[in-house]
Amino acid sequence: MDIEVRYALDTFYFLVMGAFVMWMAAGFTMLEAGLVRAKNTTEILTKNVGLYSVACIMYLILGYNLMYPGTTISSFIPGVDFILSAADNSVESVTSGEEGAPYYSNLSDFMFQVVFVATAMSIVSGAVAERMKLFSFLAFAVVLTSIIYPIQGYWNWGGGFLTSSFSYFDYAGSGTVHLCGAVAALAGVLILGPRKGKYRPDGSIRAIPGANLPLATLGTFILWLGWFGFNGGSELAVSSVDSANNVARVFVNTNMAAAGGVVAALLTAKAMFGKADLSMALNGALAGLVSITASPLSPTPLIATIIGVVGGIIVVFSIVGLDKAKIDDPVGAISVHGVAGIFGVLVVPLTNGDADFVSQIVGIVSIFAWTFIASMIVWGILKAVMGIRVTEEEEDEGLDYSECGMEAYPEFTSGGSQRSGV
């Protein structure tokens, strides 16, 4: 195939896959809006559209060049360069035939990478829902998307020590994206504390159901669709027979893992609670997707389904376990993206001979330690400087009113239940 045609085809494929991943922002928004109470819906919507925009701007200013630096200080510390260059590949550079010549637009790569960092930040949003100040959250988004995420991303995808000194393998980001987001969320939740009334004085757990399960289900299906871009785009090319076959295999394995996660979570919930719990089924789908993301190409479709099944089982136990530990995560994000993310990274060597367990464990520990320590510092500074939690009165009346001054469902909440904290 002519090199210019390949370049155009791979660039177009990359951009379409990036658009799929961008659509996951809508999935996270709908999922979270469905799993919080009605009085907090507008704030969740504002938070998600805000974090996506902050992520795009900060990754442009600093994050991308930090993650993929032109010069490096060491395999642990990338070089610092500000503002993404608008220069793209010339016809001469593409057609030169030189080794290492680009086969897709540099800007298409940025577009694909920036929606990944937004995904990591979206994970934090649901875990801290219903009690965090909006602008404190957005301030944290500035740091995560410009510094915290890019540095650990450099260690893996930017040529840092996880790949230069170890054989760490993470095809599309079970660790680099999902574990990073979950650990940042965990740090925030630990400093923030649980929602008011979530845990009774006697230690028992009070269920706080979401307001709109149809919306949460829609969000899950949107995420499921977007994940085809998340994993499928990570092949980075589609213009040869081998790459096209790989993309098709990744799509199939991604879909099968999600399906396995749903069925396993449903059966596990039925066995534990005696009921088919929809919220567990939705999280089972996402856990299956996260679990397969580290290596969606190497397993057979049957093995991919089994990986999803295991992810769907462990996420149910993790959600229940974190609740018992009084770690209040309204949407189960820490379990879905953190626990299933760790499982996804650890299972890679079973199907991929290029990976080994020591390197995978080093990757998990490195991502966890860096993200947790850095996030705790940032959350702590924000708490001291501007505060991160709304008042009890504001939490009672709902963040829609206190943070945004408008309600998502005014016909149903104004004047009555909304002001009484229902």
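Which helix gives the most to the nonpolar patch? Helix 13 (residues 357–385) does, with four residues. Helices here are DSSP runs of H or I with at least four residues, and strands are runs of E with at least two, numbered from the N terminus.

The model is predicted, so local features need pLDDT of at least 70 and side-chain atom pairs count only at pLDDT 80 or more, while totals for chains, interfaces and linings use all residues. Residues are numbered from 1 along each chain as its sequence is written, and side-chain values use heavy atoms, with hydrogens and water left out.

**Overall form**

The protein has 17 helices and zero strands. Its C-alpha trace spans about 70 × 45 × 40 Å along the principal axes. Among contacts (heavy atoms within 4.5 Å) with a separation of 6 or more, 78% join residues 24 or more positions apart.

**Surface patch**

The accessible surface comes to about 16400 Å², and 68% of this belongs to carbon and sulfur atoms. Areas come from the Shrake-Rupley method with a 1.4 Å probe; for residues, only the protein chains shown count as cover. The nonpolar patch consists of F135, I373, I377, I381, V385 and M386, which together have about 630 Å² of accessible area. Its members have over 30% relative accessible area and no salt bridge, and nonpolar side chains (Val, Leu, Ile, Met, Phe, Trp, Tyr) are joined within 5 Å. A salt bridge is a side-chain nitrogen of Lys or Arg within 4 Å of a carboxyl oxygen of Asp or Glu.

**Two residues compared**

Buried means under 20% relative accessible area, exposed over 50%, and partly exposed in between.

| Residue | Relative accessible area | Class |
|---|---|---|
| I373 | 52% | exposed |
| F110 | 11% | buried |

I373 is part of helix 13, and F110 lies in helix 4 (residues 106–127). Beyond its neighbours within four places in sequence, F110 contacts C56, Y59, L60, Y64 and L84.

**Interior**

Of the 422 residues, 55% count as buried. A nonpolar core is a set of buried Ala, Val, Leu, Ile, Met, Phe, Trp, Tyr and Cys residues joined through side-chain atoms within 4.5 Å. The largest has 102 residues, of which F140 and W379 touch the most other members. A second, separate core of six residues includes A304, I307, F343 and V347.

Notes: Patches are made of residues with over 30% relative accessible area and no salt bridge: like charges are joined within 9 Å, nonpolar side chains (Val, Leu, Ile, Met, Phe, Trp, Tyr) within 5 Å. Buried means under 20% relative accessible area, exposed over 50%, partly exposed in between (1.4 Å probe, protein chains only).
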